[in-house]
Amino acid sequence: VGTTPGSQSWAPLRRDSPTQKRNLKNAESVIQYISENDDYEDDQHRISDIAMIILSGLESTSHSLSWIIYEIVNNDSELQKMRKALNSHDVALAHEMLKDIVREGMRLHPINNMIGSRIAGKDFFLDDTSLVIPEGSTVVFPTALFTRFNMKDADKFQPSRWQTTKDDDAPQHYLLFSLGSHSCAGQSIALAEIAWVLSRVCSQYNFQITRDDTQKGATMKCVGVHMKVQNIGQEAGSRFTSNPQGGSFE
């Protein structure tokens with residue numbers, strides 16, 4: 001997206017004939033896929049989706065990924081099981097284990113402290129008439145409460161719990177992206193990014209926490225963690241520091 005020299009308008013994203021369909025199988029990025037996709041009505045819709053991907057999911061996705069890595073490093077048995085599955089030829093098993101670990105990590109450490117708030121348009125009676133939400137009340141949905149409600153060992157990292165959680169019960173413990181028409185539009189790409197990075201990092205590197213100054217519950221970011229990261233099969237390692245300004249390899 002840009003302007004040509006001397007031009008005052010946006011240069012079009014599409015440079016082929018409107019009747020010519022593009023082959024998107026070789027697109028190297030999501031942005032390229034969007035910019036060359038003929039199913040969009042116009043460039044304005046393309047720009048809107050590209051902006052959403054760039055601006056809405058980067059920070060929250062990286063924070064979630066940091067917390068998930070923190071939890072599996074502190075639970076070495078889970079790391080070893082996932083690594084074994086990733087290095088096997090059982091794609092279905094690796095996919096399910098990866099999905100359970102991502103779910104559990106995000107359940108324990110929701111990045112948003114609340115899903116949103118709503119104003120009651122009428123009186124709501126819960127279960128029995130003794131508990132009423134009056135009309136005009138502001139109702140908030142704290143994620144840390146919903147992801148722990150009525151769950152055994154709710155503060156423990158146990159990815160295997162998702163293997164026994166009924167599909168009908170799963171949404172009430174996993175409201176991080178909300179539900180229905182107001183759910184997060186970028187949840188699919190966020191989960192895909194986390195799974196992609198996590199699978200490659202955990203299959204290729206060993207981790208060792210050298211300093212842990214995290215204060216769980218005090219922040220939505222994973223800060224104060226120092227890790228030694230070593231490429232499997234190599235002696236030399238790098239040191240990774242998580243801090244309020246962001247993580248960096250030393």
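Q: What percentage of the 250 residues in the chain is buried?
A: This is a predicted model, so what follows describes computed values. A residue counts as buried when its relative accessible area is under 20%. Among the 250 residues of the chain, the buried share is 31%.

Q: How many helices and strands does the secondary structure of the chain hold?
A: Both kinds of element occur in this chain.

Q: What share of the contacts with a separation of 6 or more joins residues 24 or more positions apart?
A: Here a contact means heavy atoms within 4.5 Å. Taking the contacts in the chain with a separation of 6 or more, the part that links residues 24 or more positions apart is 51%.

Q: Which residues of H4 are buried, and within what arc do they fall?
A: Let's turn to helix H4, which covers residues 76-86. Its buried residues are Glu78, Leu79, Met82, Arg83 and Ala85. Seen down the axis of H4, they line one face of the helix, because they fall within an arc of 160°.

Q: Which exposed residues sit on the face of H4 turned away from its buried side?
A: Exposed means over 50% relative accessible area. On the face of H4 that points away from the buried side, the exposed residues are Ser77 and Lys84.

Q: Which elements do the buried residues of H4 pack against?
A: The buried residues of H4 include Leu79 and Met82. Their group packs against both helices and a strand. These partners are helix H3 (58-73), H5, helix H9 (187-204) and strand E5 (205-212).

Q: At roughly what angle do the axes of H4 and H5 cross?
A: Helix H5 spans residues 91-108, and its axis comes within 8 Å of that of H4. The crossing is left-handed. Its angle is roughly 150°.

Q: Is Glu78 buried or exposed?
A: Glu78 lies in helix H4, and it touches Ile101, Phe157 and Pro159, leaving aside residues up to four places away in sequence. Its C-alpha atom is 9.3 Å from that of Met97, which is 19 residues away along the chain. With a relative accessibility of 12%, Glu78 counts as buried.

Q: Which residues does Gly105 touch, not counting residues up to four places away in sequence?
A: Gly105 is part of helix H5, and its relative accessibility of 1% makes it count as buried. Between the C-alpha atoms of Gly105 and Ile72 there are 8.5 Å, although the two are 33 residues apart in sequence. Beyond the residues up to four places away, Gly105 touches Ile68 and Phe157.

Q: What is the value of phi near which Asp153 lies?
A: Asp153 belongs to the loop between helix H6 (143-146) and helix H7 (161-164). At 33% relative accessibility, this residue counts as partly exposed. Its phi is positive, in a residue other than glycine, and lies near 50°.

Key. Residues numbered from 1 in each chain as written. Predicted model: local features only at pLDDT ≥ 70, side-chain atom pairs only at ≥ 80, totals over all residues. Heavy atoms only, no water. Axes fitted to C-alpha atoms, helices over the stretch in contact; angles between N-to-C directions. Helix = DSSP H or I, 4+ residues; strand = E, 2+ residues; numbered from the N terminus. Left-handed = near helix turned anticlockwise from the far one by under 90°. Buried < 20%, exposed > 50% of the residue type's maximum accessible area, 1.4 Å probe, protein only. Arc of directions from axis to C-beta.
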